[in-house]
Each structure stands twice: as C-alpha cells, then as structure tokens.
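Dear colleague,

Please find below the structure that I am handing over to you. My notes on what was found in it follow directly after.

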There are 2 protein chains.
Amino acid sequence: MKINRNYKNLNESYLFSTIAKKVQEFSAKNKNIEIIKLGIGDVTLPLCPAVIEALHNAVDEMSQKETFKGYGPEQGYDFLKNSIQNYYKKNNVSIDADEIFISDGAKSDLGNILDLFDKDNTVLIPDPVYPVYVDTNTMAGRNIVFIDANEENNFLPLPDENIKCDIIYICSPNNPTGATYNNEQLKLWVNYALKNNAVILYDSAYESFISEDNLPKSIYEIEDAKKCAIEFCSFSKTAGFTGTRCGYTVVPKELVFDEMSLNNMWLRRQTTKFNGVPYIVQKGASAVFTDVGQKQIQENLSYYKNNAKVITDTLDKLNIKYTGGKNSPYIWLKCPDNMNSWDFFDMLLTKIGVVGTPGAGFGKNGDGWFRLTSFNTFEKTTEAMERFYNLLK
Amino acid sequence: MKINRNYKNLNESYLFSTIAKKVQEFSAKNKNIEIIKLGIGDVTLPLCPAVIEALHNAVDEMSQKETFKGYGPEQGYDFLKNSIQNYYKKNNVSIDADEIFISDGAKSDLGNILDLFDKDNTVLIPDPVYPVYVDTNTMAGRNIVFIDANEENNFLPLPDENIKCDIIYICSPNNPTGATYNNEQLKLWVNYALKNNAVILYDSAYESFISEDNLPKSIYEIEDAKKCAIEFCSFSKTAGFTGTRCGYTVVPKELVFDEMSLNNMWLRRQTTKFNGVPYIVQKGASAVFTDVGQKQIQENLSYYKNNAKVITDTLDKLNIKYTGGKNSPYIWLKCPDNMNSWDFFDMLLTKIGVVGTPGAGFGKNGDGWFRLTSFNTFEKTTEAMERFYNLLK
C-alpha cells in the first residue's frame, strides 16, 4: 500500500505546546504569581438554559420507543435548517433549505469540502492564518499561494489581479486578527473570484461577534456571492458549542463548475462519508434560534464583548495599535517598541504573569503582533489589563 | 476551479427509492393490507436507561460553568477510550489507549481513512457489498477489483493469490449477507495482506451480534493482524446509537508503511479535519460499558436476535438456504425456485404485504438473493413470517 506522501510535507506546529511549556516552567519557579490566561481560544461560559432544556427534552425522546430517533438525514433535520433559513432572512439573505447542510463543526467541513476539488488547483490563503487551511491543502498536495495581511492593509488584504488562483480562503471576522471586511471590500473579492472562475471558502465562524451595523454577517449579503462562495458557520463561538459540536455550511445551487453542481456534489459527499449530527445536538442547536435562546446567547456574547472592550480600552489608553475586539473575540495588537512576538510574550509572562499568543505562530506576517482573547472572566480580564497598563504606561 | 471529476463516475443507487415507490403504489391500491417491513436497516428500540441517565447527567454538566466542557481531545476522552480498551481485554485483545480514536460513526471513518492512502492503490472489495466502500474509492479515483462472495463460498470469499491489491475491505459479520468469518479464514486474509504489503479495513460494526463462541469479534484476535489491519467499530447497532452518533476506530502503532506510522497520520488527519465527538455523546457511550449498561444493551440485542431466530426458523422449515441471522441482524436468503431478487420482492409485496430488500441492489452476486432484517417488532416479525410460511410451504 502506498501512503499519501503529502503528509510528509506537513509542518508540526509547536505554538501551543511551546506556550504551555514556558508557562509551566515560569509557574514552577514563581508560585506566588497568579497567572492569567488571555490566550484562551475556547468559550468558557456554559450552554444557555434554553439549549440545556432542549437537550434534556431530546434525551427524553431518545428514551421512548415512540419518539426515539435512529438515522436522520445526513444533511440535517428540517427543523434546524428552517431555523437557520429564518436567521438568514433577518439579514435579508434568502437561502433555500436544501442549500444548508448541518455539520459537526466548521473545522470538519472546511477540511472535507476539499474532497470536491481537483488536486490541481491553486489555493490563495492570507498570512497570518488559521493553520487548518494550510494543513488540509498540504495533505491534498495542492499549490498554496499566500497573500499578505499586514499593518499596511489593516490585516484585510484585497485581491491582487496579478495572482491567479482557484480556491480562496476568507475568514471574516478573522482568526487570529479579528479584522472584519466591509461590503465594498468583500465585493472586490466576489468580483475577483467570478473573473477567475474561483470558489471562495468563506469562514464565518465569528459572525455573531459583529457589533457594527454596516458590516456584513454573511458573504451572501454581497451581490453575486452565491455564484462563487461557500459559507461555513458554527455554533461554537455563537452559542458555546465547542464541546457540543454543531455548525452549518451553505452551498448555493448557483455554484456550478464544469457542469457539476457543487450543492449536488456536497450532498453526495455527505450522504456517502457522513451520517449526520446527533439528533440531540440538533435539537439543542435549534433552541439557539428561539426568542429566549437568542436573548440568552446574546447575554453570553455581551459578556465576552465587554471583556474585549476592557482590553481595547487599555490598548487605546496606551496608544497601542490593534485590530479586532469590536467585532471579534480576538484582539490583535502590535507589540510595543518593535518587539518581536516571542520577546513580548516572555515579557508579559515574566513581568506580569499574563499569557497571550505570539502572532508569529500564525504566519510570517504575524511576527511583531500578539493575540489576546476575551474568553476569560471579567474579573481576570480586568486584573490582567490593569497589570498590562501599569507595565506599559 | 477544477472540480474532482471522479464524482462524474459515481453511480446513483435507486435501490431504496425504488422500493419505497413500489410499496407506496401497492399500498395506495390495497389499503386493507397491512404492510410489514422487514427491510429496515436501522435500530428501533430506544436508548437503554443507563445511557439516558449518562446523557442527562452530561447535559447538566454543560449547564454549569464549573463542569462545562469546551473543546475536547479530537481523538476522544480518556474515560471512553479506557472503557473500550477494557472491552477489548475481555476478548483477550490488548490495545493501547492511543490506538483508539473515538469517531462520530464507522461510516465517517471508513470514508475519511482513505485520506491517508495514495490515489494509486488497488482496492479489493467483495461483491455483494455495503455501497459506501465502492463510492468513497470512486470519489478518489482508485482502481477497484471485486471478489465474488457467492453460494459456493457461503458468501465468505478467501484470498486469491492471483489478485494483487493494496487496500482490502472485510465486513464481518457482513452487511448485507450476515456471513461471519472464523479465525482460520481471517488468518488467511491477514497472511495475504502481509504478503502483499496491503492494509485491511475491517468493518466490525456488527460484532455485538456474534452469538457463536468460536467466532472472532475483532480482527486483532488473529495473530499479526495489528501489522496490517485497521478496525472500525460502532455503537450504532450495539447500543442503538444510529441517531446519537458514536463509534471508534483502532489504528495500531505497528502499522508502518513507507516509514510512516498510520497511527500518527490518522492522529494528524483527525486533529486537522475533525473536532471530536460531543462530550455529551461520549458520556452516553461510556455508560454502555458499565455492568448495568452491558446488561441493558444485551436485552435489546437479544430482542433483535430473537426476531432473527423467528425468521431463520421459518426458513429452516421451508428448506430455504440462507446466511446470517445467528451472528447478525441480517438474514440473506436464496430466492425460491431460482427467482430473481426483484421478482421475489414483487411477489412478497403483492401476495403477503411483506417488504424486504432485493439482493441485486448490493452487487451482481446479490441477484437471486434477498435480505430480511430483525429490526421490526417481535409481533410484526412473527406475523410476517407466518404469511411467508403460508405462501411458500
């Protein structure tokens, strides 16, 4: 048997293991210092009561022969797809129910969607980047071209007509930078994709953090986007589902390449290589869209957004440049005094016991930048930023 | 963008839609006849009380900040992997915990495992077959060679030294035939795989139906199997998890091809393209392995096995040849009087209102054969087989 030798080209990421090791070593020598982690990339608030109630009810259904659910539709139950359809309607986006595919999370679908594309495609990926885009294409042996996201373009790169590509990754609000495209900028990407006969893979996992009214929550708010874009969404950050696992992917029927409908191809892929999301979990996810569910998840989101404000207020006072925070749980700041990411990491750890994530871990353009997140408690976030202010004022 | 053109080579299966249409048409014209479906491929009994209790408890954990679970290990929680490890120990199979990967079902992993293999491999698949093996390899553009499972070999084909292949599918107890390999037969496959430097993909989804003591429940009961086989298991049929979604895949560390560990490759694949099974579901699955959980799932399995006996007793009385039933929820019978599968289907439907699945739908060797399943109620199974007996006696 011949293995997929592309796996030999994967780079190991030591980012989070290196951070953990440094924190552990410092902690062991400085037991009196309380470490505060603002590097957390995971939600910390529990599932909201409406979701909990729906999960319990669904478990009860599974306990009785009359209401037990076996195999469901691989692409998800109508009750959840209809709720998502209505959610899009509120943003004036009209999506057919059979363009929505319920998934076990955006990460799975962002990887698996590549099954539909030939190996011989060029992939355009912004740097810095969520490493999964790079690794999944490396596994398939595709040619990757990077586009620079940097201080000059506010970490929102725009199309370069000189670059030819077939598959384009856009994550907005962005992980790790928190930067968020506006309508005009996204329209440029849509035009570029249409002109190049390219497909956009639009990672919308953080859309629920968008606070500013004029920013698009879906790429389908942009004219003609349905002709070139697949959108990946998630309940992970929206409703605290990181350990509960549910998301959804929109594959418009207008996406036709080489006379093949990507919607049909994805349906065929999912019905063949996937068996759907647990009924219980889909019931929990549908509670997110009820009036009470929306109110409760917004309370949780407000808590995180308030933490983000504590961080950005401190950075504003210190005149430190950053992106994110307003429309994202991530704050991406420029290390003061032209320090590099890891030196700044070491300084924060050893001087004030605050842990963040060095931007260099996300790509070459991340060096000199640093990521803080809003997922710790209000009390600890406030304490950390007070220490941060006193160190750098 | 260039699509994966292999999708153009996929055949649509009209098996179940054709059955549904025929049943609907008959039903509309014969409203007085009660149709009994013995074609059901899904469990019908609810989750057992031990699982329900564990699910409720896990939902409660998700409702409190102190016990809430966010991202878990992609490969599964230790509490579940350790339970599975102990389950293997009872069959005298020793597996390391990090050789076990918790999945959302055997179907997902059977498809996704192919990511690890080069396109340029020859795949050996028995006919008749679970269509997913064929379709997932067609999607990847691999060369497929079929091996005949038929009356002569009791639907348990053995290796043919003249066939060279790299990837071998074995499903035992088999879907659709219910035929189950013994140790000596599996040893021949292991020897053949080792000689050909091939990997065996061993689909063990129905192992909990094995009743005869001398039959292997895991391929790792066979000497040297860890050097050539990956095993795919599922809670779907074992514990009624078809709508709850949990399984596990064993990738032994001894599997090394081209100096690459398949265990490492699969870990890398899963951490990159998967985010783990819901915590709640893993807690439910772990309850299957408690003493009370084992007792309760065995009660459900006994119910189905008893239905299988009702079917095989009738076939025995009628002197109809069949495989399966004893160690499988499926009974694969030879159509009487050399009828073909679809004629027999039509006869059962129109004369006695009983629905099964024509063997022809599973491959060319399935023609002339017919699949009945044990997933209906005892009462309906008994009624159906009384009608069957009176028709064919």
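Just after α3(A), N92(A) adopts a positive phi of about 60 degrees. Please bear in mind throughout that this is a predicted model. Within α3(A), the buried residues are L80(A), K81(A), S83(A), I84(A), Q85(A), Y87(A) and Y88(A). The partners against which the buried residues of α3(A) pack are β2 (100-103), β7 (229-234), β8 (247-250) and α9 (279-287), which belong to chain A.

**How the two chains are related**

**The contact between the chains**

Chain A contributes 77 residues to the contact, and chain B contributes 77 residues. Between them, the two chains bury about 6,700 Å², of which 57% is on carbon and sulfur atoms. Of the area that chain A buries against chain B, 13% is supplied by M1(A), Y71(A) and R268(A), more than by any other three residues.

The polar side of the contact can also be counted. There are 10 salt bridges between chain A and chain B, and 43 residue pairs are in polar contact, both residues being at pLDDT 80 or more. Several helices of chain A each supply at least two residues of the side that touches chain B: α2 (49-62), α4 (106-112), α5 (131-140), α7 (236-239), α8 (262-273) and α9. The largest share of that side comes from α8(A), with 7 residues.

Which residues of chain A meet R268(B) through their side chains? One of them is E12(A), which forms a salt bridge with R268(B) at 3.5 Å, N to O. Another is D135(A), whose side chain makes a polar contact of 2.8 Å with the side chain of R268(B). D135(A) is located in helix α5 of chain A and counts as buried, at 14% relative accessibility. Leaving aside residues up to four places away in sequence, D135(A) touches L10(A), R268(B) and T272(B).

**Helix α9 of chain B**

How much of helix α9 of chain B is covered? Of its 9 residues (279-287), 8 are buried, so the helix is mostly covered. The buried residues are Y279(B), I280(B), V281(B), Q282(B), G284(B), A285(B), S286(B) and A287(B). Their cover includes elements from both chains: α2 of chain A, together with α2, α3 (78-90), β2 (100-103) and α10 (291-317) of chain B.

R371(A) is part of strand β15 (residues 369-373) of chain A. Is this arginine buried or exposed? At 3% relative accessibility, R371(A) counts as buried. The side chains of R371(A) and N175(A) make a polar contact at 2.9 Å. Beyond residues up to four places away in sequence, R371(A) touches a set of residues that includes F16(A), L38(A), G39(A), G41(A), Y330(A), W332(A) and F362(A). R371(A) and D42(A) are 329 residues apart in sequence, while their C-alpha atoms are 14 Å apart in space.

In chain B, G39(B) sits in the loop between β1 (36-37) and α2 (49-62). With a relative accessibility of 16%, G39(B) counts as buried. Not counting residues up to four places away in sequence, G39(B) touches V355(B), G356(B), T357(B), R371(B) and T373(B). The C-alpha atoms of G39(B) and K273(B) are separated by 35 Å, and the two residues are 234 residues apart along the chain.

With kind regards

How values were computed:
Residues numbered from 1 in each chain as written. Chains lettered and ligands numbered in written order. Predicted model: local features only at pLDDT ≥ 70, side-chain atom pairs only at ≥ 80, totals over all residues. Heavy atoms only, no water. Buried < 20%, exposed > 50% of the residue type's maximum accessible area, 1.4 Å probe, protein only. Helix = DSSP H or I, 4+ residues; strand = E, 2+ residues; numbered from the N terminus. Contact = heavy atoms within 4.5 Å. Buried area = accessible area lost by both parts, 1.4 Å probe. Salt bridge = Lys/Arg side-chain N within 4 Å of Asp/Glu carboxyl O. Polar contact = N/O pair within 3.5 Å; in protein donor to acceptor, adjacent residues only side chain to side chain.
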